Amino acid sequence: MMNTIGIWIGALLTLAIYSFLYKDNPFYKLAENIFVGVSAGYWAVVLWFDYAWPNLFEPLFKKGQWFNIFPIFIGILMFAPLIPRISWMVRIPLTFTMGVAMAVSITQIVQGDIFPQLQATFLPLTGVSFFDAFSNLLIICGVIFTLIYFYFSKEHKGVLGISARIGIWFMMVSFGASFGYTIMARVSLFIGRIYFLLHNWLGVI
Amino acid sequence: MNIFERLSQLDRRIIFLLVAIAVIVPMIVPLNLPVDITKPVKNVYDKIESLPEGSVVLVSTDYDPGSEAELYPATEAFIEHCFRRNLKIYMMGLWPAGSELGNIALNKIAKYYNKKYGEDFINVGYRPGGAVMLLSLGRNFSDVIKVDYQGIPVDSLPLGRRVKSARDLSMVMTFSAGDPGIIHWIIYFHARYGVPVCGATTAIMAPQQYPYLSSGQLVGLLGGLKGAAEYETLVERRGRGLRGMDSQSIVHLLLVGFIGLGNVILLYQRRKK
């Protein structure tokens, strides 16, 4: 029974959202506001039960980990800009957050992203099939010409200008592929909704 | 007013209607258009085929209902393949709703293959913390995971006791819709602990993963609904991926037609000026 009610609510809200394609209307506004409200409520529950309570308050109140007062205090300082006299104190949590994020990211991004990606551009042009050699050459040229486009310390004229222009072509191909995939993604989401309406709601497929 | 002038003033709602028809009709009357298998998808399939029976695969469902249409079909097809090969599944999620969606697929397929919770599969639910959590997880699972999604201590479950660190995993499969997701598994988990990573991503994210495929940091990739349809073809399972592919192909043809027509109208208008 609950499942059926859920399907009906889902189907009616789906139709209400798509009704916007005809024109703006109260059903669309209702569905939009329900979505915003439910999302806010959902995230409030997730933040409390998955972040704040198990990591901060439960250890403090149930396990006596009194030093959890410090992260709570630093967290409260995030609201300092609300009081102009102490607004500068927001720098403390911001600096702390940035420091931790940098410490975690820098070594791993160098080790896990920059070096392996750099290594992946050292590709053989001989001793492989013609197709592989051509693909490898395209990758090498793509990396070099695109990097040249982002070299701004010299005016893009002459050889540098031509190279930068070739770099733009490589980027345009990349943007085109991304745009094609984006269309595919949007159509897939629409297919998902239509499948829900035809299969789960109406049962015609 | 000739045909080009009329088309240039076409109500855009007619285009919406045509797209809707192009999606609905092939779903009701399937065309069964062929689906070619691409190398990144075949790599995921081959990786699973290469694992010995009983190996543990960590499945991370890093998406929410907004991407369910693209990633859930791939989740079901992948889990079915793992269970057919008698692999163990250790499921978790970096997104709150992801582990719930993964759980639906896991329980549905496990029931069909008579798999037992705790022995053949386990779901430890949503794990917040992103990169920091993944770095700790690989070193020692018990630092991060103490109970499963139902609150049962993982040490009381055979599969939970077996997986102590990243070394106990044969591979990671992430179903990813954004951040945190596939990039974190590659940069933080694979780079630090060397566990092979495969992924299924939304189509929007797929082009960004090709450099990682090319560098070997990512073993294989299922990109969007098309990737799911290819995987369903490989595991001989007609699910939502394959059912949606006819509509996807027809809409793409329609859009190519619209783009061509739009350019013809533009050229006509320029010539007229």
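The buried residues of helix H9 of chain B pack against helix H4 (91–119) of chain A and, within chain B, against strand E1 (56–62), H6, strand E4 (171–176), strand E5 (197–201) and H10. Here a residue is buried if 20 or more other C-beta atoms, placed from the backbone, lie within 10 Å of its own, and two residues are in contact if their C-beta atoms, likewise placed from the backbone, lie within 7 Å. Helices (H or I, at least four residues) and strands (E, at least two) are DSSP runs numbered from the N terminus.

This is a predicted model, in which local features need pLDDT of at least 70 and side-chain atom pairs count only at pLDDT 80 or more, while totals for chains, interfaces and linings use all residues. Residues are numbered from 1 along each chain as its sequence is written, and chains are lettered from A and ligands numbered from 1 in the order in which they are written.

H9(B) is mostly covered, with 10 of its 12 residues buried; among them are B:Trp185, B:Tyr188, B:Phe189 and B:His190. After H9(B) comes B:Gly194, which has a positive phi near 75°.

Chain B as a whole contains 12 helices and 6 strands, and its C-alpha trace spans about 75 × 35 × 30 Å along its principal axes. Of its 273 residues, 45% are buried. An automatic or database domain assignment divides chain B into domain 1 (3–30 + 248–272) and domain 2 (39–237), and the centres of these two domains, taken over C-alpha atoms, are 39 Å apart.

The contact between the chains takes 37 residues from chain B and 35 residues from chain A. Among the elements of chain B that each supply at least two residues to the side touching chain A are helix H2 (12–28), helix H9 (182–193), helix H11 (224–234) and helix H12 (240–272). That side of chain B has 23 nonpolar, 8 polar and 6 charged residues, where Ala, Val, Leu, Ile, Met, Phe, Trp, Tyr, Cys and Pro count as nonpolar, Asp, Glu, Lys and Arg as charged, and the others, Gly among them, as polar.

One helix pair across the chains can be followed in detail. The axes of helix H6 (residues 158–201) of chain A and H11(B), which are lines fitted to C-alpha atoms over the stretch in contact, come within 7 Å and cross at roughly 70°. H6(A) and H11(B) are therefore roughly perpendicular to each other, a term that covers angles of 65 to 115 degrees. A:Met184, A:Ala185, A:Ser188 and A:Ile191 of H6(A) make this contact with B:Gly224, B:Leu225 and B:Lys226 of H11(B).

Notes:
Axes are lines fitted to C-alpha atoms, for helices over the stretch in contact, and angles run from 0 to 180 degrees between N-to-C directions. Angles under 35 degrees count as roughly parallel, over 145 as roughly antiparallel, 65 to 115 as roughly perpendicular and the rest as oblique.
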